[in-house]
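Hi everyone, thanks for coming. Could we get the structure up on the screen, please?

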Amino acid sequence: MLRHVAGRTGQALVTIWGVLTIVFFALHLSGDPTLLLVPPDATAHQIAALRHQLGFDRPLAVQYLSYLGHLARLDLGQSLVQRLPVATILAARIPYTLELSAGALLVAAGIGLPAGAAMALWRGRWAERALAPLVLAGQSLPTFWSGILMILLFGVVLGWLPTSGAQGFASLIMPAVALGALTMSTFARMMRVAMLDELGRDYVTAGRARGLSLGAVVLRHVLRNAAIPVVTVAALEIGNLMAGAVIVETVFAWPGIGQLAIQSIASRDFLVVQAVVLFVSVVYVLCSLLADLAYAVIDPRIRLSG
Amino acid sequence: MRTIRRVPPGILALLALLGAYGAVALGAPWIAPHDPLHQSLLLRLRPPLYRAPSGTVFWLGTDDVGRDLLSRVIFGARASLAVAVLSVSVSLLVGTPLGLLAGWFRGWAAVAILRIVDSVLSIPAILLAVLTVAVLGPGFFDLILVLGLTRWPRYTRVVYGQTLQVATRPFIRAAELAGARPARILLRHVLPNIAGPLLVVATTEFGLMILFEAGLSFLGLGIQPPTPSWGSIMSDGRQYVDRAWWMTVFPGLCLFGLVLCVNLLGDRLRDDSR
Amino acid sequence: MRQRLALLIAPLMIGLFAAPLLAPPAIAAAAKTTLTVDLANDAATLDPQLQWDTDSYTVYRNIFDNLLTRDSQGKIVPQVATSWHYTDPRTIVFNLRTDIRFQDGAKLTPADVAFSIRRITDPKFRSPQQSQFDVIRSAQVTGPAQVTLHLKTPYAPLLAQLVKLSIVPKAYVEKVGNTAFNQHPIGSGPYRLKQWQHGVQIVLAANDAYWGGKPPFRTVIFRDVPADSTRLADLRTGRADIDHQMTADDAKAIMHDKKLQVLSTPTERVGYLFMNAAFGPTKNVLVRRAIAMAIDRKTIIEALLQGYAKPVNILLTPASFGYVPDIPAWPYDPKQARALIKKAGAAGAHLTFLTSPSYNRQITEAIQQMLDDVGLKVSITQVDQPTFLRRRQGPPAGAGNLSQGLWSCACQDADGVIWPLFHSGSIWSKYSNPAFDKAVDAARTTLDPKQRLADYRTAFTILHRDVPGIGLYQAYAIYGARRQLQWKPTPNEAFFVKDMRWK
């Protein structure tokens with residue numbers, strides 16, 4: 001078991017290093033921010049001087065090693081646009097994305113899980129036929145489209161909710177719904193499969209034979225057993241949610257790290273982009289690791305083979 | 001090879017709808033009532049069913065530089081379908097061989113490939129796409145390259161897993177013992193057997209690529225102006241959404257319809273293959 | 001059991017739904033003493049010397065005082081400096097006010113002024129604005145209320161550039177360091193920074209000890225609202241008092257709204273079309289003249305800018321020094337344009353229009369169609385802003401044949417416009433004419449305004465003949481505001497809240 005954990009952790013570290021390297025080189029190949037920082041009447045000489053002061057005229061390999069060196073000392077560097085430590089900037093924006101992801105998870109689970117359960121329990125009947133496309137519709141909606149229409153309807157026409165920004169709980173509703181709709185179908189599908197698996201088990205037949213209603217069996221046993229694969233799916237979805245948050249945050253001007261990343265790529269604020277990608281990949285890799293380990297705990301075959 | 005059974009009516013209907021989209025995309029120059037690039041600066045932001053003084057009717061209204069929205073939406077189907085088809089093809093062409101190699105030969109090559117796959121998959125997809133556009137630049141062919149280069153790991157992972165499973169089957173071992181070369185085995189025996197799951201992934205990816213193209217065009221990083229794309233029409237129309245809702249609603253409906261159709265198809269295929 | 005549950009849940013549900021509805025009244029009550037401004041972007045930094053960015057400057061202009069400023073007519077007038085004179089063409093002496101205090105109570109002394117200048121010109125500080133003050137060799141304290149600047153060369157636009165120099169407190173900056181100063185800046189202006197939620201909003205509080213008098217609002221909130229339609233919605237619902245960057249189309253939409261008004265003013269920003277005189281079909285001056293005659297400026301201004309722009313005859317606006325009104329622009333004459341293109345043998349020639357999302361897409365597409373109509377084949381290449389700048393400022397072959405934009409040096413002087421755009425050797429210039437170079441170099445180093453104007457007349461005449469670019473329009477700054485706001489926007493787009501009032 002320990003060997004399995006160590007192996008997977010090692011893999012995770014290599015993966016994260018790979019992410020950092022890919023993003024570093026992609027960013028630096030796309031140019032540097034010097035031209036964006038200076039006034040229009042700066043001369044070539046002045047621009048070259050600033051570029052030298054910022055260190056962008058060093059060979060790429062040197063810049064890469066310097067970056068890794070700073071990372072090893074847990075120094076994420078300074079933003080070129082805001083001239084503040086990247087760690088400070090990230091610390092201020094991460095909570096917003098976490099809030100949005102949590103809200104979206106609630107929406108996705110809140111609608112997806114009951115829908116999946118319903119589809120499993122009423123299999124073959126019209127309810128299942130009707131629910132499946134509805135749930136799938138959530139995954140097919142372009143988030144920027146649903147976002148803009150929601151803002152129009154609830155923000156402008158009806159005036160019920162704030163049109164953008166992050167001022168209080170009300171501002172979270174629309175972005176969370178827009179983002180949650182994406183993963184709704186994954187939860188529904190997972191729940192349906194897990195429940196169908198459980199419903200076919202012997203203990204269900206036995207319980208019903210003893211006279212328990214289907215509802216009681218479901219509530220007391222099926223849901224609990226179906227919870228495990230669903231929770232592991234949820235862990236993996238967190239990574240997807242944070243990725244999907246990028247467009248939702250942009251449309252709703254939600255000040256999370258997704259919006260920060262898009263703005264920073266546009267302004268070639270390298271260190272900020274690298275830090276955001278690092279954060280998201282670490283979260284994603286951690287969740288995959290945890291999900292993997294959860295499976296190992298449940299499935300003895302994996303554990304014993306070490 | 002799986003025996004071809006009768007195609008269920010649900011799937012037929014979906015395929016027909018998909019075919020309709022394809023037909024519109026291919027036949028755009030003949031179906032569209034106007035030139036999608038022709039501007040009439042004095043007829044900006046007119047509502048659907050607007051009749052111009054000259055007598056022409058703009059069935060879906062005009063956009064922010066006076067172009068016919070219906071024609072632009074029709075031509076927009078080309079962008080969505082062309083990008084999706086081509087980028088999925090590129091990803092398949094790159095990802096499948098890598099997955100087969102990793103699954104068949106294992107060893108260091110497989111480890112390297114899988115590490116790269118893991119790393120690419122750990123980067124949030126849209127950020128990776130935006131980043132790659134920053135390097136390659138926007139534009140139709142660069143977009144295909146961007147999407148092709150960022151999505152191949154998804155196929156590699158599935159192909160790898162499936163190849164591992166199939167490789168242990170008796171008839172494969174038999175072929176090996178008979179002296180068949182790996183390339184022959186992979187192409188003639190392994191590939192056909194993993195085609196099912198691969199098709200399911202490709203269908204999901206097809207829907208995703210349509211959404212990605214729209215999303216990137218929406219962010220201004222996809223199809224270049226003045227070529228219409230549903231995403232860029234919606235981006236152009238965003239600042240007029242309260243006064244010219246048609247620029248947002250109609251392209252969005254088309255996009256939603258296409259992606260829903262593709263996703264329903266994928267869902268059915270996944271259910272059938274189980 | 002069920003009833004008790006219902007009793008518990010019902011008020012919870014009501015509370016949940018009622019919460020968002022409680023928000024609006026609170027905003028209305030605070031309206032009178034709080035001014036809320038919707039900005040299109042968050043400020044990058046509030047340290048006045050660390051960026052070149054309109055949204056930062058919009059906010060920090062209210063926190064800091066500058067050495068000089070402009071009055072409502074655009075004339076340069078005293079602010080921290082009370083008077084000045086040149087002792088020789090390379091030395092200028094400034095006399096300063098003695099009654100200014102920073103927001104931490106410290107007095108503003110000549111040492112602070114000298115420090116501010118040294119800081120912004122220090123290469124180690126890496127200020128992006130360095131280039132604007134590069135000509136200053138040194139700044140010395142020469143009296144209890146006096147500072148002397150030594151320049152590398154005589155520089156006529158110096159005063160115009162000093163309008164943008166903010167004074168920072170030497171003792172405080174040296175005590176807390178640059179990073180901390182960036183997070184908690186302190187100036188001598190009418191408002192001090194109270195709170196900054198990055199990506200959300202900046203809150204300023206009135207500085208009642210301001211030397212210029214008590215500021216008009218207790219609190220000013222600058223909110224970060226990137227989407228045009230959202231800013232408009234905020235204005236309509238009363239969530240914002242000012243929309244700082246209103247599009248012309250939105251301005252037209254609120255024209256008849258009784259609760260709102262459109263405040264606009266011509267600015268020094270000149271909308272222009274650049275033509276690559278060093279590469280491709282645009283190398284031929286006949287083609288460039290044809291392009292100049294193919295563009296229907298009137299329709300662009302009326303249809304796309306809703307009249308919120310004025311035509312210009314040269315690549316400069318009347319708001320800038322050096323403007324010459326009697327040099328004619330090339331007239332709109334598509335027939336003549338078509339004839340010229342045929343004469344030049346350029347019918348059907350391929351031109352690349354390089355642009356980025358930062359430039360008005362509708363104008364780019366309109367110009368493309370206008371040029372297509374006279375026989376040229378124009379294809380638009382849209383890249384992102386960093387790539388655009390790299391290509392546009394690089395070798396002529398990669399800079400495209402055409403590009404469009406809005407130029408402003410924030411200095412209201414021709415030197416900041418046509419020198420960088422067309423002087424040989426400048427990164428923006430794909431054109432070389434020694435006579436033009438001589439004229440603008442002379443205009444830069446002469447301090448006599450009459451002589452400068454004559455030099456600029458020569459320069460603009462050459463530009464009219466050679467057409468390496470044309471001026472399209474003088475841009476207006478458009479602000480949407482509540483009807484009760486009393487404020488006259490200025491051509492240099494300085495956003496001084498202290499000049500605003502409720503009616």
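Quick housekeeping before that. This is a predicted model, so local features need pLDDT of at least 70 and side-chain atom pairs count only at pLDDT 80 or more, while totals for chains, interfaces and linings use all residues. Residues are numbered from 1 along each chain as its sequence is written, chains are lettered from A and ligands numbered from 1 in the order in which they are written, and side-chain values use heavy atoms, with hydrogens and water left out.

Okay, the strand. Strands here are DSSP runs of E, at least two residues, and helices are runs of H or I, at least four, numbered from the N terminus. Look at S17 of chain C, residues 469–482: 13 of its 14 residues are buried, meaning under 20% relative accessible area with a 1.4 Å probe, protein chains only.

Which strands pair with S17(C)? One is S12(C), residues 260–275, joined to S17(C) by 12 bridges and running antiparallel; pairing takes at least two DSSP bridges. There, Gln261(C) has Ala481(C) as its bridge partner. S13(C), residues 309–311, is also antiparallel to S17(C), with three bridges, and Ala309(C) partners Ala475(C). Then there's S11(C), residues 242–243, antiparallel too, with two bridges; Asp243(C) sits opposite Gly480(C).

Now over to chain B. How many residues does each chain bring to the contact? Chain C gives 26 and chain B gives 21, where contact means heavy atoms within 4.5 Å. The buried area between them is about 2,000 Å², 45% of it from carbon and sulfur atoms; that's the accessible area (1.4 Å probe) the two parts lose on being put together, summed over both. Glu365(C), Gln369(C) and Gln382(C) supply 26% of what chain C buries there, more than any other three residues.

Across this interface we get six salt bridges, that is, a side-chain nitrogen of Lys or Arg within 4 Å of a carboxyl oxygen of Asp or Glu. One you can find on screen is Asp242(B) with Arg236(C), at 3.0 Å, N to O.

And which element gives the largest share of chain C's side? That's helix H12(C), with seven residues. Among the others giving two or more are helix H7(C), 228–237, and strand S15(C), 377–382.

That's my tour, thanks!

Conventions
Buried means under 20% relative accessible area, exposed over 50%, partly exposed in between (1.4 Å probe, protein chains only).
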